[in-house]
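User: I would like to go through this model with you. Could we begin with the sheet and then turn to the helices?
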Amino acid sequence: MNIEKDNVTETKIEGKSERCVEKGKPSFSALKEKVLRLSEGVKKDSDKAIVENASEPIYETIKRRKLFFVSDMDEEAEYLHEMSLQGYHFIKKKGMCYYFRQGEPINYYYHLGYYEKDKRDGGRYLDNYVAAGWEDVYHEKGEFAGIWHYFRVEMPTGEAQPNIFSDKVSRLELYNRLLSSWRSLLALDVICFIMGIFFYLFIVGHPSDLLGMFTMICTFLFVMSILIFIIYYRAYRKINHKRTELENF
């Protein structure tokens, strides 16, 4: 009897084990098939999204290098306008690098606004431009603890630039400070140039083994001094002309 009982128990155990295995196999297979169906469904949804968005334009960002001085603010605004007409819309800048988003050509007009944080309320300053229909695209630190803002407004193709909200007081203050700073710089540059000439005449009158090296250094400094003078004198005259126009406006 004990043997038969043990056999029955063993048989039951084996049967239970077999049933468990048989139940486990379909369960794993079903889970595997479900995972495959889900992955295929995600892939189909992704493919569907790609097809649906295929007609939408793909915008790319490009970079262009351009050098503008503070005296070239109007030329810089015109450059950004011309780029927009070609489908390149200004985003930001870093030094000489201008970043544009490529898209459809739009007649965007740009304007560079300037204000000093300590003298003007920045929020109110921006509100005046926004109220006049101008969008604040980008801003960066400017001269004398000021801020440069790049504004733009969209106009119908071929239509001229609208009247710009102009902060005459801030512009005149900026022009006057620039002219004063550049006058000092130009005077210092002339003094250094004259002192360099005297130094060069001195070393020529006292020949030594280092005469060749001193001559090269003096020549380099003379060339740099002349270039600095030309650049800042050009900017000085241009800003002075802008100030005169603004005062008579």
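User: Which residue in strand 6 does tyrosine 109 stand opposite?
Analyst: Tyrosine 109 stands opposite valine 153. Residues are numbered from 1 along each chain as its sequence is written. The model is predicted: local features need pLDDT of at least 70, side-chain atom pairs count only at pLDDT 80 or more, and totals for chains, interfaces and linings use all residues, while side-chain values use heavy atoms, with hydrogens and water left out.

User: How many bridges join strand 4 to strand 6?
Analyst: Strand 4 and strand 6 (residues 146-154) run antiparallel and are joined by 9 bridges. Strands are DSSP runs of E with at least two residues, helices are runs of H or I with at least four, and both are numbered from the N terminus. Two strands count as paired if DSSP finds at least two bridges between them.

User: What is the strand order in the sheet?
Analyst: The order is 4-6-5, in an open sheet of 3 strands with antiparallel pairing. Strand 4 (108-116) and strand 5 (135-141) each have a single partner strand, so one side of each lacks a neighbour in the sheet.

User: On to the helices. Which residues of helix 5 are buried?
Analyst: In helix 5 (residues 211-247), the buried residues are Cys218, Phe222, Ser225, Ala235, Tyr236, Ile239, Lys242 and Leu246. Buried means under 20% relative accessible area, with exposed over 50% and partly exposed in between (1.4 Å probe, protein chains only).

User: What covers them?
Analyst: The cover over the buried residues of helix 5 includes helix 2 and helix 4.

Methods. Expected span 1.5 Å × (residues − 1). Contact = heavy atoms within 4.5 Å.
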